[in-house]
Amino acid sequence: MKIARKPGTLYCVARTAALSSHANRIRTPSRTETQEERNYMSEPHVVIITGGGQGIGFGIAEVFADHAATIVIADLDQTRADEAAHKLKQQGATDAIGLTCDVANRASVDAMVAVVVERFARVDVLINNAGICPFEHIMEMSAETFQRTIDVNLTGGFHCTQAVAKHMIERGQGGTVVFITSLADHRTGPSQVDYCASKAGAFGCMTGFAVALGPHNINCVGVAPGHVNTPMTEHWWGSDAGKAKIPEIIPMNRLAQPRDIGEACYFAASTGRYCNGITIRVDGGNAAQA
Ligand code: NAP
């Protein structure tokens, strides 16, 4: 088990037997590997997950907790963020805190990142997960609703990535940024036009940041979930009509679990750090089906 490189006197040395056994599976660097290459194989330490209080974001946090990361849940609701952080500490996170943050608001994002940097002195991974989907028909949608979807799903990722990347560049140790996009980054329906536009934009934002930040050893990746039953979508997947659709549209015949999305994020932030500017689809084969 590696020592968590936290500031001051805080060290994480001994963890549970399960975590030790995980650490034993991590490849030991050979003598020919450079420090930079070794960094690619190191465990992510401090991870910010926006919208991590529930749903997919919390599932992502659980996977990082399995790997003893320190987790920051940045969500709109402080109570929900605190409760999530409390659960994550019980599940193996080295540390976890909840912070209120509206990703659509730059001042709110800057304040959140400043607290994280002051407390932990590092950010290794940012997961741009916070998102909304109003599910309104485009011909009835107000301009304000359209704009809010763009502000949260697209501009939110821009705010958080720019704020965190400035710190990562200054620290000089690289990092990973994941954009939780969607299969809707390239296909849609009449009640998800705002959502599709925001996710297509997030794809473009991710590729642009990948090019800009690659020279700083920061990889940027899209993770596109297929269908996941979360508070955002439970009105459909909890219904009989929704359940009946699953075998028809998902070759693997089940919805994704939030943790499935977390595993892809963890890969991008650990052994998969050479992946940069690409999207990993986690959809059970949904998008591949004609
Ligand atoms: P969810 O259950 O609604 O969770 C989203 C979380 O983000 C909530 O805690 C929400 O808080 C928070 N949030 C919303 N606006 C925010 C803001 N401005 N700043 C900070 N936090 C904010 O949704 P989910 O299904 O887990 O979705 C997570 C991500 O996956 C989204 O980006 C979504 O587009 C994407 N995704 C989901 C699916 C799916 O099938 N569920 C599929 C593809 C992609 P409130 O509840 O208070 O609004």
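Student: Against which elements do the buried residues of H7 pack?

Tutor: In this predicted model, helix H7 covers residues 193–213. Its buried residues include Tyr 195, Lys 199, Met 206 and Leu 213. The elements against which the buried residues of H7 pack are H6, strand E5 (175–180) and E6.

Student: How far apart are the end C-alpha atoms of helix H7, and what span should its residues give?

Tutor: Helix H7 has 21 residues, and at 1.5 Å a residue they should span 30 Å.

Student: Is Cys 220 buried or exposed?

Tutor: Cys 220 is found in strand E6, residues 218–225. A residue is buried if 20 or more other C-beta atoms lie within 10 Å of its own. Cys 220 has 29 C-beta neighbours inside 10 Å, and therefore it counts as buried.

Student: Which residues are in contact with Cys 220, leaving aside its neighbours within four places in sequence?

Tutor: Strand E6, which holds Cys 220, is one of the elements against which the buried residues of H7 pack. Met 206, Phe 209, Ala 210 and Leu 213 are among the buried residues of H7. With neighbours within four places in sequence left aside, the contacts of Cys 220 are Val 177, Met 206, Phe 209, Ala 210, Leu 213, Asn 276 and Gly 277.

Student: Is Asp 151 buried, partly exposed or exposed?

Tutor: Asp 151 has its place in helix H6. Residues up to four places away in sequence not being counted, Asp 151 touches Ala 104 and Gly 156. Since 17 other C-beta atoms lie within 10 Å of Asp 151, its class is partly exposed.

Student: Where do the buried residues of H5 lie around the axis?

Tutor: In H5, the buried residues are Val 109, Met 112, Val 113, Val 116 and Phe 120. They cover an arc of only 95 degrees around the axis, which means that they lie on the same side of H5. An α-helix has 3.6 residues a turn, so residues three or four places apart point the same way. Exposed residues are found on the other side of H5, namely Ala 107, Ala 114 and Glu 118.

Student: Against which elements do the buried residues of H5 pack?

Tutor: Helix H5 covers residues 106–120, and just after H5 comes Ala 121 with a positive phi of about 65 degrees. The buried residues of H5 pack against H6, strand E1 (46–50), strand E2 (70–75) and strand E3 (95–100).

Student: Which residues have the most contacts inside the largest nonpolar core?

Tutor: In the chain of 290 residues, 42% are buried, and the largest nonpolar core has 71 residues. Leaving aside neighbours within four places in sequence, Cys 265 is in contact with Ile 60, Val 63, Ile 127, Val 178 and Val 223. The residues with the most contacts inside this core are Ile 71, Val 223 and Cys 265.

Student: Which element gives the largest share of the shell around the ligand?

Tutor: Around the ligand there are 30 residues, of which Gly 51, Gly 55, Gly 131, Thr 230 and Met 232 come nearest. The elements that give two or more residues to this shell are helix H3 (55–66) and helix H6 (143–171). By class, the shell has 14 nonpolar, 13 polar and three charged residues. The largest share, three residues, comes from H3.

Notes. Residues numbered from 1 in each chain as written. Predicted model: local features only at pLDDT ≥ 70, side-chain atom pairs only at ≥ 80, totals over all residues. Near = placed C-beta within 6 Å. Helix = DSSP H or I, 4+ residues; strand = E, 2+ residues; numbered from the N terminus. Nonpolar A, V, L, I, M, F, W, Y, C, P; charged D, E, K, R; others polar. Buried ≥ 20, exposed ≤ 12 C-beta atoms within 10 Å, placed from the backbone. Contact = placed C-beta atoms within 7 Å. Core = buried A, V, L, I, M, F, W, Y, C linked by C-beta atoms within 7 Å. Expected span 1.5 Å × (residues − 1). Arc of directions from axis to C-beta.
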